Amino acid sequence: MSSSNALMALSNNIADIVEQVGGAVVAVNAGRRISPSGIHWRKGIIVTSDESLRRYDEITVTLSNGSTVPITLIGRDSTTDIAVFKVENAEIPVANIGDAKTLKVGHLVLGLGRSSEGDIRAAIGAVSVVSGAWRSMNGGNIDQFIRPDITLYPGFAGGPLVDAAACVVGMNTSGRRGTALTIPASTVNRVIDQLLAKGHIARGYLGLGMQPVRLPNNLRTALNLTSVGGVIVVNVEPNAPADKAGVLIGDVLVTFDGTPVDDTGDVLAFLNSGDRVGKTVKVQVIRGGALVELAIAIGERSASEE
């Protein structure tokens with residue numbers, strides 16, 4: 001095959017993928033001048049970028065034929081930038097969801113979006129970074145760090161990242177300085193499942209006010225600690241899980257469930273995972289220059305505290 005024919009074949013394949021996946025991509029009309037995109041992830045379930053929404057009621061989505069239908073909020077998770085909506089009786093193709101773990105640096109990928117007028121839009125690039133789990137600035141636990149080298153044009157946030165097999169492997173969102181980041185499909189599925197089950201994301205609750213501190217070298221050596229810091233307890237809410245476990249003001253938390261704690265973000269990440277709610281975990285605190293081990297039954301933060 002000549003180089004020109006090979007290029008034409010690749011071009012046609014890309015256009016076919018856009019056509020194949022594009023029907024599951026909608027524009028989310030939520031009071032912004034530029035509508036973000038959304039994905040018909042499961043039958044009757046639309047996902048989009050939470051930070052791209054101005055409101056959560058009286059929202060419609062624009063379909064591939066230009067028509068609009070209403071959607072209703074099921075729930076949202078600002079820490080992973082995922083908002084989940086329900087759509088009733090709409091004839092929208094469901095996306096073919098893939099696995100972001102198949103991605104490798106250098107793989108060609110597509111970012112798709114839909115305008116509020118109903119036009120499909122596409123950007124192509126390569127996967128520039130793939131690495132392990134990470135924590136967002138808001139404390140959300142995200143299964144993979146994925147940075148595609150694509151331009152997120154206005155309205156592309158909330159749209160899909162599509163691999164060469166025409167599978168949606170994640171939802172695109174904006175990182176720092178407008179760079180593209182992708183929330184992997186496994187994280188989106190986990191958030192959807194929790195929101196469908198409870199209507200909110202279960203987050204652990206200790207009832208503590210904390211501030212990060214740096215540990216003196218001699219204390220670290222004496223207690224055989226690997227971390228350079230911890231979090232000092234500055235407030236304990238009465239009858240909260242930490243209070244019932246015997247945590248005192250002035251205690252310095254250094255391990256949580258066997259894992260070193262260096263700052264408040266580490267504690268937040270443990271609590272935001274949700275899978276520890278209702279479980280009893282062991283923590284170590286420095287009290288009076290000695291290590292003390294406590295067992296805390298993790299509570300659940302109320303929705304009003306989100």
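Buried here means under 20% relative accessible area, exposed means over 50%, and partly exposed is whatever falls in between, with a 1.4 Å probe and protein chains only. Helices (H or I, at least four residues) and strands (E, at least two) are DSSP runs, numbered from the N terminus. The model is a predicted one: local features need pLDDT of at least 70, side-chain atom pairs count only at pLDDT 80 or more, and totals for chains, interfaces and linings use all residues. Residues are numbered from 1 along each chain as its sequence is written, and side-chain values use heavy atoms, with hydrogens and water left out.

In α5, Gly265, Asp266, Val267, Ala269, Phe270, Leu271 and Asn272 are buried. That makes seven of the nine residues, so α5 is largely enclosed by the rest of the structure. Its N-terminal end is capped by Asp263, which has a side-chain oxygen 2.9 Å from the backbone nitrogen of Gly265. This is a polar contact, that is, a pair of N or O atoms within 3.5 Å; within protein, one must be able to donate a hydrogen and the other to accept it, and residues adjacent in sequence count only if both atoms are side-chain atoms.

Then there are the aromatics. Rings of Phe, Tyr and Trp (its six-membered ring) pair if their centres lie within 6.5 Å; planes under 30 degrees apart count as stacked, over 60 as edge-to-face and the rest as tilted. By this rule the count comes to three aromatic pairs. One of them joins Trp134 and Phe145 edge-to-face, at 5.4 Å centre to centre and with 80 degrees between the planes. Trp134 sits in strand β9 (residues 134–135) and Phe145 in strand β11 (residues 145–148), so the pair ties together parts eleven residues apart in sequence. Trp134 counts as partly exposed at 23% relative accessibility, while Phe145, at 17%, counts as buried. For Phe256 and Phe270 the ring centres are 4.8 Å apart and the planes at 10 degrees, so that pair is stacked. Phe256 belongs to strand β18 (residues 252–256) and Phe270 to helix α5 (residues 264–272), so parts 14 residues apart in sequence are tied together. Both Phe256 and Phe270 are buried.

The UniProt annotation "domain: PDZ", from an unreviewed entry, covers residues 212–263; annotations of this kind may be inferred rather than shown by experiment. Over residues 212–263 the chain is 23% helix and 35% strand, and the end C-alpha atoms are 5 Å apart. As for Ser227, its place is in the loop between α3 (217–223) and β17 (229–236). Ser227 is buried, with a relative accessible area of 6%, and a polar atom of its side chain lies 3.3 Å from the backbone oxygen of Gly229. Neighbours within four places in sequence aside, Ser227 is in contact (heavy atoms within 4.5 Å) with Leu215, Arg220, Val254, Pro260, Val261 and Asp262.

The buried residues of α1 are Ile17, Val18, Val21 and Gly22. They cover an arc of only 120 degrees around the axis, which puts them on the same side of α1; the arc is that of the directions from the helix axis to the C-beta atoms. Exposed residues Glu19 and Gln20 are carried on the face turned away from that buried side.
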